[in-house]
Amino acid sequence: MNELSVLKHGADPVFGRVLTSDDGVELCIDGWRGNFLGGWCRWPAGAAAPGRVSVWSGGRELAATVAAAQRGDVGTPAGAAPAFGFSLFVPPGPPTGAAPSHVTVKVDAAGAPSPAHAVGIAWPRAGADGHVDGVTGEGITGWCVDHDAGGHGAGGRGGAVDIAVDGVFWATVSPTLDRPDAAALVQAQDTRLGFRVTPPVWLADGRPHRVTVTARATGMPLTAEPFDLTVPTERAEDFLVWYAGKSVWQHRYRRPAAGVADGTEAGVLDLDLMRHAVFTASRTAPDPLILARLRDRLERLNAGGGACALSIVVPVHGGWFFLNVALASLLGARLPRGTEVIVVDDASPDTAGLDMGGLNAGGGPLRIVRLAENQGFAGAVNAGVARAAGTDVYLMNSDAVVFSESIDLLRHALQTDLSIGVAGSMLVNPDGHLEEAGAILWRNAVPSQYVGSGDDTDPQVRVQRSADYVSAASMLVRRALFAQLGGLDTAYGRGYFEDTDFCQRVWDAGRRVAYCGHSVTGHWKSVSYAAAVSHAGRDALMKANQALFVARHGHKFRNRAPYQALPHLHRDPTRDRRVLFIDAEYPRLGSDAGSNAALNEIELFRRLGFHVILTALNPSIPLEMRNHLERRGIECPTQPHFPSWREVVDAYADVDVVMTTRHGVFTHVHDRVRERHGPVKMLLNLADLHFLRALREAEVLGSPQAQEAAQAEQRAELRAAAMADAVFTYSDVEARVLAKLAPQALVRRMPWVTEPAAAARGSDGRVFGFLGNFRHPPNRDAARHLCADLWPRIHARVPDATLIIAGHRARQAEAFAAGAAGVRIEEDVDLADFFRRTRVLLAPLRFGAGVKGKVFDAWAHRVVAVLSPIAAEGMVLSPLLRTLVAGGHDDFADIAARVMLDPELWDAATAEQERVLRAHHGWPAAQAALRDALEGIGIACGGSPS
């Protein structure tokens, strides 16, 4: 055994041996653990005792004490003096210079002039060393090294420390600061040994508190005695600023249409009440003022009766300061009508005879349930849920702090995605640290919390996604599912792994566990647990429960990646492929066919098991759009974290596919992508052939200049197609054109997705419609052509008909429609409302390219579409639908009038349109088509439930 292992196992030849000097002084060193050296001394009978014991190195005294405690465990020979024990706290080395390899222990008999008796022993480079440098109300600083970390010869690495306050565990802190001075002192290769921790707000009462810092590896203190820490009350103001700021920030993520009409009530940010909770509320019981205010709100939410929508269950075991802050935060949260709060007092040691605000007696929307015996977290939660009536149950730790939208965004996730069984929040600590953004189970079920960069505004942690598990500190679950699974498993005792186990059973039941990055919840971390379990039993319980969890679920994770192997690649267990989308602009919500097509294309990749990252040459993205994308699981690396698309390309170099839209974007980003990503598959979705549209426009206009520009566009587009690994277009017609003009290009069709809208039906009135974005030249030309050549003919056949010309910048059509009878212009309409008021859509395009999204939208809303040949190009048309494609002016007018006036034809046409949509453009068909296209070019696909 080498020196390190010999010392670690107490096998040093000196340890445990009784050494006797010539004049009869005995010295025995029991061992050296951490920074503590212990043993005993015996002086000859009649000599003065006790004596002094000191530790020296390099001619300097490192530590000293008096051997004054009589050791009854050491036998006393007849006529001999008793043995006296000592325990020395030895700093990890002299204040400066390298750590010594050996030290000398000296023993001085009390009052003896004779020289000290000494023995040399090796410095124990095993276990852990550390030091607390400073203690102030602003922070505790120091360093710690775990000599055993990394294996023999690794020189040791930064060691975590456990901090206890007034005898109760508070936090585990890992070293993150560079301390080369400490590394040199203890001969450690790793220099990241330093730690700094800010005292928690709940200590900000101006009173001294006893603090102990111990090395986690050995459990030994880093100081000889606990030290006093006094935190000024001003520190509590920092918490109030943090709470107010997070609540306002959270409001930015509120879901669409959140409000009273949607069955919810916004909370009131009452900083005076929160200040009361922090400074003046009772610390030995639930505060009466906070309870009364919360009860008033809940009674208002339940006025008028009705079903209970949400039950909030809060287990507590002491720690009333945190409970009061938690309950005060509920007053600032958006809650649905029909909300109840159930506080479960898990046999707190300090509540005998406590009135609990008069709420422990019975019914009402705010109740406190008292358990006769401590049942631990799982048992307390189960007891609360057993008394709940809500459709959904929100599990909230007593040391959690909710913000304005924390709970409602979890409810929104469950309501909008029925595959989700459990939804959990991002957890942030009041000191500013990101604690958890979903969690990962690695190979052999080793757990870890995902934190990304540690910034709670980072795009990587904002995006909603599946997770192996989420914390029950802030978890929403359907009550029926909770009951179906038998609740949390009480086999895990007082804590650890019960929420991890429950989430795995949710997955086993065929439901997803979702992490909702927009739902942010504050969490003091472990203080609710520390009140119920001693620090000594915490690690043992964690290890025992991990063993239980592995025995039950470990087989599922045998093929997972090893611990901490690129966490960002493994944070979503349903997605093992990554695609980076690059477009000119971010899509606009419900704005135009191009945006809808882009969103559907992204969704198709998601359904094939890809995690999608989206960026754009124009970095501007409306907040509403970004929120929508992130809630759909689409990562949007935006400003300020990523100033432009270039930083995104550089940072996401481990994607499997890069998909660009439009040839101009592809050409612009091509070189940088190739430089950073090497052989990654780089795909180009042309959407439609720009040059084909431009050539047709030049022909209609009869413009040589336009013809020349179209030919230049053709050369650029074909050059981009040749550079791409594969080219996609929505139209079979254009795919054939491209294959002919660029035979070296690998051409595939991108499926267009449109499904029939639920309960949609066009108008029974005689209303024609025209829809288009007037920034697009084909739409401006079609509107001009409609007003000048077609509408007069149609109106003559249907005199009582109306024409609505609608779309983005539709006011441009006023000049075309001047003097035309029955024509209305409407700008930026809601599509569903437009189609509800329209019976027949007119699409008289004379030039253009690709498939026409407005036609699919009309079909989806059960509005018959009359098309020109250009508008019908690339579409799947049955014999009946081909009869609605018109040639000349009179033919177009005849078809439009006939379908308007013949209800049987209108009914048959809408039914046929719906059939074609379902057969060729629904999600299942589109997903199968894209899978075939991607796998045909060597891109493996998976599958996902969402």
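Contact here means heavy atoms within 4.5 Å, and angles run from 0 to 180 degrees between N-to-C directions, with axes as lines fitted to C-alpha atoms, for helices over the stretch in contact. Helices (H or I, at least four residues) and strands (E, at least two) are DSSP runs numbered from the N terminus. This is a predicted model, in which local features need pLDDT of at least 70, side-chain atom pairs count only at pLDDT 80 or more, and totals for chains, interfaces and linings use all residues. Residues are numbered from 1 along each chain as its sequence is written, and side-chain values use heavy atoms, leaving out hydrogens and water.

**View A. Helix α29 lies across β42 and β43.** Relative to β43, α29 runs at about 90°. Helix α28 (residues 889-901) also packs on the sheet, where it touches β39 (767-771), β42 (840-843) and β43. The direction of α28 makes about 170° with that of β43.

**View B. Five strands make up an open, parallel sheet.** Their order is β41-β40-β39-β42-β43; strands pair if DSSP finds at least two bridges between them. β41 (823-827) and β43 (864-867) are the edge strands, each with a single partner, so one side of each has no neighbour in the sheet. From one strand to the next, the twist averages 25°.

**View C. Meet the pairing of β40 (residues 802-807) with β41.** Five bridges join these two strands in the parallel sense. At one of them, Gly807 has Glu827 of β41 as its bridge partner.

**View D. Helices α25 (residues 853-860) and α29 (residues 903-921) pack at about 115°.** Their axes are 9 Å apart. Phe856, Trp859 and Ala860 of α25 meet Gln913, Val916, Leu917 and His921 of α29.
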